[in-house]
Amino acid sequence: MIRTIIRFSTALLIALSLSLSVNAQERGFITIASTTSTENSGLFEDILPQFTESTGIEVRVVAVGTGQALRIGCNGDADAVLVHAPAAERQFIADGCGVDRREIMYNDFIVIGPGSDPAGIEGTETAAEAFQIIADAEAPFASRGDDSGTHKKEMSIWADAGIEPAGSWYRELGSGMGAALNTAAGMDAYIMADRGTWISFDNRQNLEILVEGDPNLFNQYGSVLVNPANHDVKHELAQEWHDWLVSEEGQAAIGAYRLRGQQLFTPNAN
Amino acid sequence: MLDAFASAFALIISGDAELLGIVGLSLRVSLSAVFFASLLALPVGAAVALFSFPGRSGVIVVLNALMGLPPVVAGLIVYLLLSRVGPLGPLGLLFTPTAMVIVQSLLIFPIVAALTRQIVSDLWEEYREQLTSLGASRLRAIPTLLWDGRFSLITALLAGFGRATAEVGAVLIVGGNIAGVTRVMTTAIALETNKGNLTLALALGAILMTLTLLINGFAYGVGEFSRRRYGA
């Protein structure tokens, strides 16, 4: 009996280790640091297999906020980044951390809040105006507070409105887009989100889109290669990924990705 | 809630390849971590129990305190060690399952070592005279006492395993939750929660709990069986 148990356990362990061998592609893999919005929206799940199919390169995505993604890239722990904060991306290159920034695609940010809209922002033309009304009403507002691309954009809108948000109504969460939406839904707070994450988000409760279409809410995604002069990164493979993203094939793949009947990202490489 | 359990059941029945991969990786990472941590923690715990040396009380207090080491802190330390700009950067281990095994070992080691010290210490009190009269040195007594306490020590290993499979902060930082490479049960649950897909998240949670239950039941069964057969 004991022997059977031992045999069984051994077999189980061997099966386990076999079941885990990662199917490495013949040409190896690259690691890219990207944002939670691209991961949570399911875009990568859709386009990465197409890239791997045509090049034989596997892509491993670490999805974090834009700020952290750029730090991971600067430390050489990723081979390329795909993020959405153009000013921070240019700084990343100026700091010598990255080379060759390319614009890939865009979507937009939206201001979301409880359907009852206690501050009354629905119908305002611009996000800055809406933020002004929220601040005046001291209605609960959930901020990402995590130095992500969305957080940077939110801060720039507060600056446009001439407000330094503070007080018990302004809640800095320090979490990713999805987690922040969960929290906002739980406390009926206003929040700014990217449209991709919103479309794929299930736990909306009372939340709805209240302000959209302000040109200032434009959300540009860019790809930057990690500077090969600093670290031993897989520059050539990453370059192929970079080129594929702006190629006709890559752009078509991005444009074709739909979720719940809606296009999440519009390709705009030039 | 019921939806979650229904979809958990459906997921298990469907034998979804991605789910199997995630469950398999969770088990492999955590079992490896328990193995490597115990390799060191069992003798260290026993040695601290048996030998007197300067600063021994300090070591015991530190071991006990480290049982509460916050996973995020452990994750951060290992991240800084393994990052390309860190001392072990050239090994390229960040964002691999190996990194996750390292960080979980770090979390498990104090638990197994501290519990082993307690168990061996108690046994030593009990068998001290017997062992010394047989002429066994303290060093020679270590394997005997570990073998003698094996049934209690299994509980220590299970405590370590539980800690490893349950935590999310550390493996998220050093593993990166990469689909198909470093995504384990807890990080998958966190991801689905972030997508607002609470039903699927809870379903994954139910599967994780079931697995933990099965493993604990298995260990308990083996323990009981051998206890009855060989006496404890």
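Reader: Which residues of H5(B) does H4(B) meet?
Author: In this predicted model, B:Pro71, B:Ala74, B:Gly75, B:Val78 and B:Leu82 of H4(B) meet B:Ala99, B:Ile102, B:Val103, B:Leu106 and B:Leu107 of H5(B).

Reader: How does that contact split by class?
Author: Nine of the residues in it are nonpolar, one is polar and none is charged.

Reader: At what angle do the two helices pack, and how far apart are the axes?
Author: Helix H4 of chain B, residues 71-82, and helix H5 of chain B, residues 97-133, pack at about 135 degrees. Their axes are 10 Å apart.

Reader: Why are H4(B) and H5(B) called oblique?
Author: Because an angle has to be over 145 degrees to count as roughly antiparallel, and 65 to 115 is the range for roughly perpendicular. The angle here is about 135 degrees, so H4(B) and H5(B) are oblique to each other.

Reader: Left-handed or right-handed crossing?
Author: Right-handed, for H4(B) passing H5(B).

Reader: OK, zoom out. How many helices and strands are in chain B?
Author: Ten helices and zero strands. Along its principal axes, the C-alpha trace of chain B spans about 65 × 50 × 25 Å.

Reader: What share of chain B is buried?
Author: 43% of its 232 residues. As for contacts in chain B with a separation of 6 or more, 79% are between residues 24 or more positions apart.

Reader: Now chain A. Which domains is it divided into?
Author: Domain 1 of chain A covers 24-107 + 219-267, and domain 2 covers 109-217. Taken over C-alpha atoms, the centres of these two domains of chain A are 26 Å apart.

Reader: How many residues are in contact between those domains?
Author: 20 residues of domain 1 of chain A are in contact with 15 residues of domain 2 of chain A. On the domain 1 side, helix H2 (36-40) and helix H4 (66-74) of chain A each supply at least two residues. The largest share of that side, three residues, comes from H2(A).

Reader: And by class, what is that side of domain 1 made of?
Author: The side of domain 1 of chain A that touches domain 2 has six nonpolar residues, 13 polar and one charged.

Reader: Different topic. How many residues of chain A are in contact with chain B?
Author: 26 residues of chain A, against 23 residues of chain B. On the chain A side, helix H1 (2-20), H2, strand S2 (58-64) and helix H8 (177-187) each supply at least two residues. H1(A) gives the largest share, six residues. By class, the chain A side has ten nonpolar residues, 13 polar and three charged.

Reader: You mentioned H8(A). How many of its residues are buried?
Author: Eight of eleven, so H8(A) is largely enclosed by the rest of the structure. Among the buried ones are A:Met177, A:Leu181 and A:Asn182.

Reader: What follows H8(A)?
Author: A:Asp188, with a positive phi near 50 degrees. Most residues other than glycine have a negative phi.

Reader: Where is A:Asp117, and what is its phi?
Author: A:Asp117 is in the loop between strand S4 (98-114) and helix H6 (127-137) of chain A. Its phi is positive, near 45 degrees. A:Asp117 has 15 C-beta neighbours inside 10 Å, so it counts as partly exposed.

Reader: What about A:Gln205?
Author: Phi of A:Gln205 is positive too, near 50 degrees. The residue lies in the loop between helix H9 (195-200) and strand S8 (207-211) of chain A. With 14 C-beta neighbours inside 10 Å, A:Gln205 counts as partly exposed.

Terms used
Residues numbered from 1 in each chain as written. Chains lettered and ligands numbered in written order. Predicted model: local features only at pLDDT ≥ 70, side-chain atom pairs only at ≥ 80, totals over all residues. Helix = DSSP H or I, 4+ residues; strand = E, 2+ residues; numbered from the N terminus. Buried ≥ 20, exposed ≤ 12 C-beta atoms within 10 Å, placed from the backbone. Contact = placed C-beta atoms within 7 Å. Domains from an automatic or database assignment. Nonpolar A, V, L, I, M, F, W, Y, C, P; charged D, E, K, R; others polar. Axes fitted to C-alpha atoms, helices over the stretch in contact; angles between N-to-C directions. Parallel < 35°, antiparallel > 145°, perpendicular 65-115°, else oblique. Left-handed = near helix turned anticlockwise from the far one by under 90°.
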